[in-house]
Number of protein chains: 2
Amino acid sequence: MEKCTVIFKPSNKSISVTKGTNLLEAARKAGVFIDAPCGGKGRCGKCRVKIISGDYKEEITSLLTSEDRQKGIRLACLTFVEGDMIVEVEESKQVQNILVEGIKPGDEKNERVLKASKLLEEEGIKKECGVFNIDIELPEPSIDDNVADFERLKRELKVKYNIENFFCSLNVLKNMPKILRENNFKVRATFLKGKNGCELIRIKARNKETSTYGICVDIGTTTVAVNLIDLESNKIIAAASSGNLQMQYGGDVISRIIYASTEGGLEKIKSAVVDGTINRLIDELVKKANIEKQDIIISTFAGNTTMTHLFLGVEPAYIRVEPYIPAFRECPELKAKDIGIDINPEAKVIVIPNVASYVGGDIVSGVLATGIWKEEKNVLFMDLGTNGEIVFGNKDLMLTCACSAGPAFEGGEISCGMRAMPGAIDEISIDRKTLEPKIRVIGNVKPKGICGSGLIDLLAEMFLSGIINSKGEISKELESDRIRFDEDLYVMEYVVVWGKETADGRDITINEIDISNFLKAKGAVYSGSNVLLKSVGFSMDDVDKVIIAGGIGQNLHIENAIMIGLLPDIDRSKFSYIGNSSLLGAYLCLLYEQARDKVKEIADAMTYVELSVYPSYMDEFISACFLPHTDMNLFPSVMSLLNQK
Amino acid sequence: MEKCTVIFKPSNKSISVTKGTNLLEAARKAGVFIDAPCGGKGRCGKCRVKIISGDYKEEITSLLTSEDRQKGIRLACLTFVEGDMIVEVEESKQVQNILVEGIKPGDEKNERVLKASKLLEEEGIKKECGVFNIDIELPEPSIDDNVADFERLKRELKVKYNIENFFCSLNVLKNMPKILRENNFKVRATFLKGKNGCELIRIKARNKETSTYGICVDIGTTTVAVNLIDLESNKIIAAASSGNLQMQYGGDVISRIIYASTEGGLEKIKSAVVDGTINRLIDELVKKANIEKQDIIISTFAGNTTMTHLFLGVEPAYIRVEPYIPAFRECPELKAKDIGIDINPEAKVIVIPNVASYVGGDIVSGVLATGIWKEEKNVLFMDLGTNGEIVFGNKDLMLTCACSAGPAFEGGEISCGMRAMPGAIDEISIDRKTLEPKIRVIGNVKPKGICGSGLIDLLAEMFLSGIINSKGEISKELESDRIRFDEDLYVMEYVVVWGKETADGRDITINEIDISNFLKAKGAVYSGSNVLLKSVGFSMDDVDKVIIAGGIGQNLHIENAIMIGLLPDIDRSKFSYIGNSSLLGAYLCLLYEQARDKVKEIADAMTYVELSVYPSYMDEFISACFLPHTDMNLFPSVMSLLNQK
Ligand code: FES
Ligand SMILES: [Mg+2]
Ligand SMILES: [Mg+2]
């Protein structure tokens, strides 16, 4: 088979592939990141690359303009290598720069973190992570006392500290003779407590710098966030986040499960998150904090069910086929070396348990952090990230469901959509008369697209200013050069920013397809919540608190979210935003050993409701895809606002 | 630095090295085995290679004849690469063909094995290896019963078999979804019992072929022997053995410890035994038995202290420096993946504990197999392999020591010496009148050298026929063309086989240096035993049983061994030969779970005696280096035989 070489600019990474290979696949093989939300199906139009030279074949697409084509822009997933090529890729800028609202150094004193910690402490749970250090001095060996090093250590630990029957890993044993002698037999022994006794995880020189560290990780479908914590001072000493490199295999969990089922796919997609994402973030953390990886000895991970499967390399195939069965809910306690996490190889790995195929450890972690498990009142908890997961309940009952909202809240499947990162428009208002928009852009840069909170604002404002009707159709009557017909896609569109003001010179527009996609996403969340409540005989009026979490971001305007029918039209004071509750729960599990049992109890206590089998769900969904809803009685304040006009 | 390429024949393995590199080191790097008993110090003369072409420098040596040199023979360790070279090596034939008297298929009914098993069973120890299988059928998942695979398995195991809180390794979890569905949720679950509960180690189709296997391994300094056991039928189904590939780094433990202290040396020497030796033998076993490696789930290993350190990659440096401290006596229970043993990665690894730096798990294993730990009578146990280790005692007291006997009993450090393998002379008698020898050769081949038992015969016969005196000096008076003076080495020698009858056409001879080396070896063993006995106020007369084990082999003539003063001159009926007792003990630890505790008790109960600090040891040793001894009263039957003449 004929081989061709593809060189990717600007990294100059190159790869030799057989003629006919898909260009996106070639990039994946070369370790070049190309965002591919639709998983390479030619649907999302995000895998744009610029062909500098070389022969290729291509499939036709309406996602490129003739101007694009003239510039050499192609969709990587629809391009096939036919000869040696040079291709330019805006590599991984997207991945690495994604802003993740997480927990930052110093945030141990932040109100949200303090509140979540207090929830545990009120229950008598102590801030103890299960690590303890013993500073010990051994008598030096002699011909008369020629006990082996390890037995010498055991003897002293037993006599002086009453510690016995601990496990010692081979890695610790390997260097024990050198470490003991380099330190004149005065060392600090670090132990990890476990279900079946203690483990000696490190022996090291006794000095001030010898601290121990832990990391807590939120493995999101789109973004991964990690915090580094000093386990002695309990301080957050560094934070890092980036996109999940698995994005090159698809934006949603389904595309990734499909990719995992290809030859070698599971290994590659596992490596994308472990080596390509988490280990890189760990590199970043240890550099920032100037510590040694070996000293990171506990790690906690929260992710949705598919993410935890892929992270561990566990077969995910049956998550996506009826009856939707994950391989595990609770995974055994593992070590970093089992997975390839680049910290102390013997470090404890705690994966927060899942509930079901579409409600994972990230939600359980969120429930821990929000305190629903101990709440007397009725809480509606909504995690609006790449999908949308809902929990409703209190200390006596917790119901949960997953809405297939897709990635719209993070800008996915929307032509002008993007994640909350520099260049994203995150706030929009529209002048009711001139129909001219006013925007706010993240970072001091020209706008590139619109993120979740911006899209919510945009839809609400378009609706209230009459640009769209309750079906999301753009009015053909209004006089504005911003409202126009897209000849290629054969739909109406509204120009949010003119090309002369944007980063790439292209107009930022939203069209009726985008609007329809976003309405489906918000409809899925609202109807999901409603059905979940109804399934136990409740309605939105019974909700005492609404807690919102996830990538939709801090800048979400509750009022606008109600206006479009994403959030229920209830007393505004009931709403609060908790940020990345998945990461917050992982943080708690790192610092509070007993929290690791608590998340198991929570996962056990949560009842998963499969929306698709609920008889009225489809009708509810369709009704919720309108602005704000077909049943306006559910949205009294929207109704009164519209009536005012 | 200039690079040169060295090609090794006949394997054609090649390596690029910097100019000036030692040829032995180049071979090691290329993965070409060259025996190097002296560790590359130019002393043993065993690293002979043939230079076919190329530039090199060399150090002078008296170990090559001018004839050798003309043929292009050089010592690899004294040769330095100066240009591209082609070198011929009798690669690894030596290693792979070494005959190890071990345990063979069917030997579970062999008397020695039965006897050792009975010793345990008499104590109420059951033949239970700690593996159990559960054939289980899970209800197939549905929307109404959508519990995850792992939790489904746990639920059924708890309800039907009352098994809970078991550990499940990630490897098992990874493929659980596929295996369950491929077998319609009817599977066999295999568990390993452990100190802290059970571990699910495998799930597999339920069929007749689904057995589980274990291996027991004797890691000798010179040879490695492995048996494969079916853990259901308890049958020995295959055996394999070879030389320890670490021989390329030196014949004795000291050279290996020194090599391990070089840059990257520990990793290389670990790999030589794990990858180069044990994993190759496992390949051989699974091919012979036609089973899958994944189904080998327990492994037991017995080796001397240095071997166990190197096998695990644990720093051995302090074994060889005063006060001679090993890193560990008892190593924690490990898994195959921790070490890189190529069986089921989660397989249990049991390393038989050591006593001290020079009395290791091989001896403890031997003590288990011989039953000294429960013996009323006084047993002298001698393991005569590469070194010589002695145990004396009974159920109340066990003393042990190591003699620095070196490798002479396996033919090492003797010019005509070789291991017991095809071509080795293993029996010799000498006509008292003609001084002509009669020999027996192992295998149907021409003789190549003399192994341990042959050397003992040879010395005894030379002594009794007056060729050597009690100092080991060869008589200059006797009339025989077999007795001659070696002009190169300036010593007398005796020709055992004329060149025309040998494999390589060179005379097989023994000279005074060889004899002196052998006398030192036997002197070390005898004096060691004697000092050990004396240290508790006993003498050879108090010995009720002598059990001999190790590489010296089955063909050892007790009478001759007494004649030369290696074994004590006591009632012949007290002697027995147990073979490879290290392997036998490892076999017992594989099949009898409780034996794994027993060896720990044994190692604890054994008192190590450091001969070198014993005041009279040096005198004892010198006296024992005579034939049979300076104190003839210790050897009454030898005295009367000599008086008869
Ligand atoms: S003489 Fe070369 S290894 Fe011994
Ligand atoms: Mg999330
Ligand atoms: Mg041995």
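**Figure 1. Salt bridges across the predicted model, with a close-up of A:Arg155 and A:Asp145.** In this predicted model, the salt bridges over all chains come to 94. The close-up picks out one of them, in which the side chains of A:Arg155 and A:Asp145 meet at 3.0 Å, N to O. A:Arg155 sits in helix α5 of chain A, while A:Asp145 belongs to the loop between β8 (131–137) and α5 of chain A, so the pair ties together parts that are 10 residues apart in sequence.

**Figure 2. Chain A and chain B, related by a two-fold axis.**

**Figure 3. The contact between chain A and chain B.** Here 44 residues of chain A touch 42 residues of chain B. Together the two chains bury about 3800 Å², and carbon and sulfur atoms give 67% of that area.

Figure 4. Between chain A and chain B, 16 residue pairs are in polar contact, both residues being at pLDDT 80 or more. On the side of chain A that touches chain B, the elements giving two or more residues are α5 (149–161), β9 (167–168), α6 (170–182) and α10 (336–339) of chain A. The largest share of this side comes from α6(A), with 6 residues. By residue class, the side of chain A divides into 25 nonpolar, 4 polar and 15 charged. The interface of chain A and chain B also holds 4 salt bridges. For a look at a salt bridge between the chains, find B:Lys337 and A:Asp338, whose side chains meet at 3.0 Å, N to O.

**Figure 5. Domain 2 and domain 3 of chain A.** The domain assignment of chain A gives domain 1 (3–91), domain 2 (107–124 + 211–351) and domain 3 (131–205). Taken over C-alpha atoms, the centres of domain 2 and domain 3 of chain A are 31 Å apart. Where the two domains meet, 14 residues of domain 2 of chain A are in contact with 13 residues of domain 3 of chain A. They bury about 1000 Å² between them, and 49% of this comes from carbon and sulfur atoms. A:Ile297, A:Glu346 and A:Lys348 supply 42% of the area that domain 2 of chain A buries against domain 3 of chain A, more than any other three residues.

Figure 6. How many salt bridges cross the interface of domain 2 and domain 3 of chain A? There are 3. A salt bridge to zoom in on joins the side chains of A:Asp295 and A:Arg202 at 2.7 Å, N to O. The interface of these two domains of chain A also has 7 residue pairs in polar contact, with both residues at pLDDT 80 or more. On the side of domain 2 of chain A that touches domain 3 of chain A, the residues divide into 5 nonpolar, 3 polar and 6 charged.

Key:
Residues numbered from 1 in each chain as written. Chains lettered and ligands numbered in written order. Predicted model: local features only at pLDDT ≥ 70, side-chain atom pairs only at ≥ 80, totals over all residues. Heavy atoms only, no water. Contact = heavy atoms within 4.5 Å. Buried area = accessible area lost by both parts, 1.4 Å probe. Polar contact = N/O pair within 3.5 Å; in protein donor to acceptor, adjacent residues only side chain to side chain. Helix = DSSP H or I, 4+ residues; strand = E, 2+ residues; numbered from the N terminus. Nonpolar A, V, L, I, M, F, W, Y, C, P; charged D, E, K, R; others polar. Domains from an automatic or database assignment.
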